[in-house]
Amino acid sequence: MKIAHYWEQQEQRWHDQYLQAEKTINEMETALRKIEDLAFKHIHDAAARDEVSKVVDSVWRGARS
């Protein structure tokens, strides 16, 4: 009985940690998109805008070689 209770608590802790990680990821994504939007408002050079897009994309999809 004690072991079942332990695993239920452990599963709840893991679930809580997962939810916190999801919240953090969502906050980071929102901040990154705001930075990208701000950069696009102030950068008019197409090549520089492409570089900003590449940096943002590499954060979410990983750098492509």
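Biologist: Where does Val59 lie?
Modeller: Val59 lies in helix H2 (helices are DSSP runs of H or I, at least four residues, and strands are E runs of at least two, numbered from the N terminus). This is a predicted model, in which local features need pLDDT of at least 70, side-chain atom pairs count only at pLDDT 80 or more, and totals for chains, interfaces and linings use all residues. Residues are numbered from 1 along each chain as its sequence is written, and side-chain values use heavy atoms, with hydrogens and water left out.

Biologist: How many helices and strands does the chain have?
Modeller: There are 2 helices and 0 strands.

Biologist: Back to Val59. Which residues make the nonpolar surface patch?
Modeller: Ile25, Met28, Val55, Val59 and Trp60 make a nonpolar patch of about 450 Å² (residues with over 30% relative accessible area and no salt bridge, nonpolar side chains joined within 5 Å and like charges within 9 Å; areas are Shrake-Rupley with a 1.4 Å probe). Helix H1 (2–42) and helix H2 (46–61) each give two or more residues to this patch.

Biologist: Which helix gives the most to it?
Modeller: H2, with 3 residues.

Biologist: Changing topic, how many salt bridges does the structure hold?
Modeller: It holds 2 salt bridges (a Lys or Arg side-chain nitrogen within 4 Å of an Asp or Glu carboxyl oxygen). In one, the side chains of Arg33 and Glu36 meet at 3.1 Å, N to O. Both residues lie in helix H1, 3 residues apart, about one turn of the helix.

Biologist: Is Glu36 buried or exposed?
Modeller: Glu36 counts as buried because its relative accessibility is 9% (buried is under 20%, exposed over 50%, partly exposed in between). Arg33 is partly exposed, at 29%.

Biologist: And which residue does Lys54 form a salt bridge with?
Modeller: Glu51, with the closest N and O atoms 3.5 Å apart. That pair lies in helix H2, again 3 residues apart, about one turn. Lys54 is exposed at 52%, while Glu51 is partly exposed at 44%.

Biologist: How much of the chain is buried?
Modeller: Buried residues make up 9% of the 65 residues.

Biologist: What box do the C-alpha atoms fill?
Modeller: Roughly 65 × 25 × 5 Å, taken along the principal axes. As an example of the distances, Lys2 and Ile35 are 33 residues apart in sequence and 49 Å apart in space, C-alpha to C-alpha.

Biologist: Where is Lys2 placed, and is it buried or exposed?
Modeller: Lys2 is in helix H1, and it counts as exposed because its relative accessibility is 76%.

Key
Buried means under 20% relative accessible area, exposed over 50%, partly exposed in between (1.4 Å probe, protein chains only).
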